[in-house]
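Hi everyone, thanks for coming.

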Amino acid sequence: MNADVNMTYVTLGGHVEIHRYRYLYFVIMLTAYILLICFNVSIICLIIIHKNLHEPMYIFIAALLLNSLLFSTNIHPKLLVDFLSEKQIVSYQACLFQVFMFYFLSSSEFLLLSAMAYDRYVSICKPLQYQIIMTTTTVSLLLCFAWLVPACHIVVPIALNINSKLCSFTLKGIFCNNSLNNLFCVTSNELSIYGVIVLLNLGLLPMLFILFTYTKIIIIAFQSCGDVRRKAVQTCLPHLLVLINYSVLITYDVVIIKLESDFPKTARFVMTLQIITYNPLCNPIIYGLKMKEISKHLKRLLRHMK
């Protein structure tokens, strides 16, 4: 507690031998952050610039990559500063904001993947109605839903915890997440129940919807001609790869908090660095290589640069 400014600070105690390897950590994570910015921004700009990419599927891809970019920006800059700092601390208010952004953007990604699954379902299973169903208004509503619903869910526990008293000030992590709850003097049973409801609404239900949608797509594709099967594979495979990658992130976050005392510190540190970097870095690569139209424009851009 800093009495001069009446501000509470939390120590991020998840770093491993930071005094010895701080510059190595910094160079690796800075390189990864620069690459993921370049990759994501490149794909987003291609979708904005080229009119033939102004379709619902590509708009959702741009929204997903923007979401990944914001997710990384919520974590990486502070992480880079911590690597070069003598003390890895964060104010309690800033920590709460990082928790909000982390879970808000994580939940938004699941809902964006759900919107993309619905778009593919309509395109493949109801092709004649696609233009009628997937209008600009529908796309806008789905995007608003994907960002506003998680924000409304996540802001509730954050607001209620603003004035909560801390009995411990060391977080077993390198950024703020739900393990912050372990620092409170009193744990609210109501908020714990609310957390389960949020997990169901923003995690389990979207996952079940996505699995149901892609199951229907696979059934329809195998019952149809070769062109439909080819279209299903070309457009759905990237989404499924991203979904698998992201599911690993969510599973890791839930498991690591539940097994906080039993998980080795070094393994936690390495896995956390991989998870927060892997998904935002791989998403644009997957879409850039697997989506035919994006890949075509990307190759043209690279040839032009050469």
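This is a predicted model: local features need pLDDT of at least 70, side-chain atom pairs count only at pLDDT 80 or more; totals for chains, interfaces and linings use all residues.

Let's start with a cysteine pair. The link of C95 and C176 is left-handed, with -115° about the S-S bond. C95 sits in helix 3, which covers residues 92-125, and C176 sits in the loop between strand 3 (170-171) and helix 6 (189-223), so this pair ties together parts that are 81 residues apart in sequence. The two sulfurs are 1.9 Å from each other. Are these two cysteines buried or exposed? Both C95 and C176 are buried.

How many disulfides turn up if you search the whole structure? The search finds two. The other one I want to show you joins C167 to C185, with an S to S distance of 1.8 Å. Here C167 is in the loop between helix 5 (136-160) and strand 3, while C185 is in the loop between strand 3 and helix 6, so the parts being tied together are 18 residues apart in sequence. The torsion about this S-S bond is about 110°, so the disulfide of C167 and C185 is right-handed. As for accessibility, C167 counts as exposed at 55%, and C185 is partly exposed at 31%.

If you count the bonded cysteines along the chain, the pattern is 1-3, 2-4. Now for some cysteines without a partner. C38 is in no disulfide, and the nearest cysteine sulfur, which belongs to C45, is 11 Å away. C38 counts as partly exposed, with 40% relative accessibility. C152 is in no disulfide either: its nearest cysteine sulfur is that of C144, 12 Å away. C152 is exposed, at 52% relative accessible area.

While we're in the loop between strand 3 and helix 6, K172 is there too. K172 is partly exposed, with a relative accessible area of 43%.

Okay, on to helix 9. Helix 9 has 14 residues, 292-305, and at 1.5 Å a residue it should span 20 Å; the end C-alpha atoms are 20 Å apart, which agrees.

Which residues of helix 9 are buried? They are I294, S295 and H297. Looking down the axis of helix 9, the buried residues fall within an arc of 165°, so they line one face of the helix. If you're wondering how a helix gets a face, remember that an α-helix has 3.6 residues a turn, so residues three or four places apart point the same way. On the face of helix 9 turned away from the buried side, you'll find the exposed residues K292, K299, R303 and H304.

What covers the buried residues of helix 9? The cover includes helix 1 (18-49), helix 2 (56-83) and helix 8 (265-290).

Let's zoom in on helix 1. Two packed helices are described by the angle between their axes and the distance between the axes. The axes of helix 1 and helix 9 cross at roughly 105° and come within 10 Å. Angles of 65 to 115 degrees count as roughly perpendicular, so that is what we call helix 1 and helix 9. On the helix 1 side, the contact is made by I43, L46 and I47, and on the helix 9 side by I294, H297, L298 and L301.

Definitions and conventions
Residues are numbered from 1 along each chain as its sequence is written. Side-chain values use heavy atoms; hydrogens and water are left out. A disulfide is a pair of cysteine sulfur atoms within 2.5 Å. Helices (H or I, at least four residues) and strands (E, at least two) are DSSP runs, numbered from the N terminus. Buried means under 20% relative accessible area, exposed over 50%, partly exposed in between (1.4 Å probe, protein chains only). The expected span of a helix is 1.5 Å times one less than its number of residues. The arc is that of the directions from the helix axis to the C-beta atoms. Contact means heavy atoms within 4.5 Å. Axes are lines fitted to C-alpha atoms, for helices over the stretch in contact, and angles run from 0 to 180 degrees between N-to-C directions. Angles under 35 degrees count as roughly parallel, over 145 as roughly antiparallel, 65 to 115 as roughly perpendicular and the rest as oblique.
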